[in-house]
Amino acid sequence: MDRVRTRFAPSPTGFMHIGNLRTALYAYLFAKSNDGDFILRIEDTDRARYVEGAVEFIKNTLNAAKIFPDEGPDIGGDFAPYVQSQRMDIYKRYAEQLVENGHAYRCFCRQSDEPSTVEPDKKFGGYDRHCRDLDPDVIAKNLADGVPYVIRQKMPLAGETTFFDVLHGNITIANSELEDQVLLKRDGMPTYNFANVIDDHLMKVSHIIRGTEFITSTPKHVLLYQFFGWELPIFIHLAPVMGKADDGSISKLSKRHGATSFDDLIKAGYLPEAITNYVALLGWNPKNSNQEIFSMDELIEAFSLEGLSKSPAVFDYDKLDWMNGEYFKRMSDQSFADSARNFVELDDNLESKWEFLASLLKTRVSKFSEINGSIRFLIEKPAFDAELFINKKNKVTVEKSIEIIEAALEQIDRIDDWTLETISETIGAFAASTQLKLGTVMWPLRVGLSGQKVTPGGVNELLYLLGKKNSLSRLHETLDNLKSV
RNA sequence: GGCGCCUUGGUCAAGCGGUUAAGACUCCAGCCUCUCACGCUGGCUACAUGGGUUCGAAUCCCAUAGGCGUCACCA
C-alpha cells in the first residue's frame, strides 16, 4: 500500500464541535498507527462564514488535544499552501480543464435567491441544468459582456455510480439523482465538493475520513476523479455523534445538548486527555480488549478501522464524568491541586489549606467545575435540615444526634493543638468511649458541620478545615436547631 | 417526498451460523473502611417487527417500522 496520508479539513467557523474533534482524532490515529502523515487543511472557501481568529483556534484546540499535524498552515509541507483561499488559481485551472473536456460548463443563471431571468428547464426537471447546452455564441457574448457565471459539473443523465466505503461497503447511487453541482462559485472560490477532490488528490491523501453527511455527495466526487483520470482514495464515512435532549429525543449533537465543543468541555472542567479518550470510544472500540482508559500512544497502538462502528453514538455526560474522574485519580495530589486551582474560589482560611483540601477532593469530584459547589459549605454556613440527621443504616435519629453532638462538643472544646493528628486522636478516643458504632457517631457530626450527607473528607478533616472557632459555633447552632425540632 | 445510511439493555458496546448474548457508564444492594466518598462484590435491564434460508439465526436474505443524513453559488 502507498503511504497512508489522512487529513482533517475543517472550515474556520470559530469553534471545534466534538464530532469534528473525533473525526480529526480518528484521521490522526489511523495515520499514526500506519506510520503515515496527518494533514491539516483549512477549508475557508465560504467568505460569509469566515470567523476572525478561527484558524488559530483550530490549531490551539488540536494542540490541546495532542493531535499534531505533520503538514498544515504554518507547519508547511510539500503541498503548501494548506489554506484553500490561497489556492484559487489551482481550482480555476482544473475547472477550466473540465469545461474544455466537456465535463463542466459555464452557467449564467442568477443565484437561487435572486429573481431568475430564466425559467427552470422542464426537460431536465431542474433549475441547475439550464445552461448545459448553451449556444457557443451566447456564451461568447455573455463572456464579452462580463456576465458573471459559475462553473457546473455535467453529470451523466443515465447509469449509476458506485464507490466503496470501508464501513458501509459498496454504495450505489443513480446518476439521475446527481445535480449539476457548482464547482466554481461566482466569486471565483471553489465549492467544498470541488476543492476537496482537487486538494485530496494533489496532497496525495490516501484515506478520506469524514462524516456520513458526505456520503450522498461522494458519487459526485467519484465522477470528478474519473473525469480527471485520477486514482480513487479510500473512503471512510463516520457515523455522527448524537445528543439526547431533556425530552429524551435523540438528534445530532448540538447546542441544545449543552457543552458540545472541546472548548466548552474544558471550561466545564474536564481534562483534555479525558475528553480525547472518551471521544475516541464514541464510535470506536479496540476489539479483543475491554480497555477503556487510553493514553494517546495507546490509542495509536490499538487503533484500527475494524473497530469503527457504523451506527450513531449518543454522547453520554455520565460516562465522560466517570472517565474524567478516573483521570483525576491517576493524577498526583500536587498536579491535581494545581490544575484545579483556577476553577475554585477560596477564602483565606481555605487558601492556606488548599493542597490538603484538593487531596480530599481528588477522588470525589468528576470535573473541576463541581468543586466550588462541593466546598461552598466550608465558606458559607449551610442551611439547617433536620431530615439529614436521620440515617437508618447508622441508626441515627434526631435524639441520638443531640446526645452525640453534645458530648462531642465537650471534647472538641478541649483541643488546643488544632492539627489533624490531634483532632483525629481526640475524636477517635471520643468515639470509642461512646461504645457506639463509628458510623453512628460520625454521622451527626458530619451533617452538623457541613449540612450535607457527602463531604470532602471525614469528620476529622472537616473540623480541621473549618477551624476550631467555626466548628464549635456550627455545632452549637446545630444543637439548638435540633432541640427545637 | 425522492435517494442513501443506520437499528443488541437508559447510554457506549462485544458478538461475524451453535454463547448461560461479554465488558463499561448509570441505578440498586451488600461488603470493606478511623465515619460520607473512594475501593471491592453482586444485581436489574437488550438482539425493532414480520417473513424466509438453515438441523440451527442477534449473526445471511427480503419486507415493514423507526431514527438519521442529503437534495445550497455551506461545509
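The following legends describe close-up views of a predicted model. Residues are numbered from 1 along each chain as its sequence is written, and chains are lettered from A and ligands numbered from 1 in the order in which they are written. Local features need pLDDT of at least 70, side-chain atom pairs count only at pLDDT 80 or more, and totals for chains, interfaces and linings use all residues, while side-chain values use heavy atoms, with hydrogens and water left out.

**View 1. Confidence of the model along chain A.** Chain A has a mean pLDDT of 92, and 96% of its residues reach 70 or more; pLDDT is the predictor's confidence in each residue, from 0 to 100. The scores of the model are ipTM 0.95 and pTM 0.94. Over residues 115-125 pLDDT stays under 50, and the model has 15 contacts for this stretch beyond four places in sequence (contact: heavy atoms within 4.5 Å). Where pLDDT is low, the predicted coordinates should not be read in detail.

**View 2. Salt bridge between Arg-5 and Asp-37.** Side chains of opposite charge can pair when their charged atoms come close. A salt bridge is a side-chain nitrogen of Lys or Arg within 4 Å of a carboxyl oxygen of Asp or Glu, and by this rule the count comes to 30. The side chains of Arg-5 and Asp-37 meet at 2.9 Å, N to O. Arg-5 belongs to strand β1 (residues 5-8) and Asp-37 to strand β2 (residues 37-40), so the pair ties together parts that are 32 residues apart in sequence. Helices (H or I, at least four residues) and strands (E, at least two) are DSSP runs, numbered from the N terminus. Both Arg-5 and Asp-37 are buried; buried means under 20% relative accessible area, exposed over 50%, and partly exposed in between (1.4 Å probe, protein chains only).

**View 3. Salt bridge between Asp-70 and Lys-32.** The N to O distance in this pair is 2.8 Å. Asp-70 lies in the loop between α2 (54-64) and α3 (88-101) and Lys-32 in helix α1 (residues 18-33), so the pair ties together parts that are 38 residues apart in sequence. Asp-70 is partly exposed, with a relative accessible area of 31%, and Lys-32 is partly exposed at 22%.

**View 4. A network of salt bridges.** Arg-7, Arg-41, Glu-43, Arg-87, Asp-199 and Asp-200 are linked in this network.

View 5. Cys-131 is in no disulfide, and its nearest cysteine sulfur, that of Cys-109, is 3.5 Å away. Cys-107 is buried, with a relative accessible area of 0%, and Cys-131 is buried as well, at 4%.

**View 6. Surroundings of Lys-367.** Lys-367 is found in the loop between α13 (354-361) and α14 (371-379). The relative accessible area of Lys-367 is 18%, so this residue is buried. Not counting residues up to four places away in sequence, Lys-367 touches Ala-268, Gly-269, Tyr-270, Asp-321, Asn-324 and Phe-328. Lys-367 and Phe-15 are 352 residues apart in sequence and 21 Å apart in space, C-alpha to C-alpha.

How values were computed: Disulfide = S-S within 2.5 Å.
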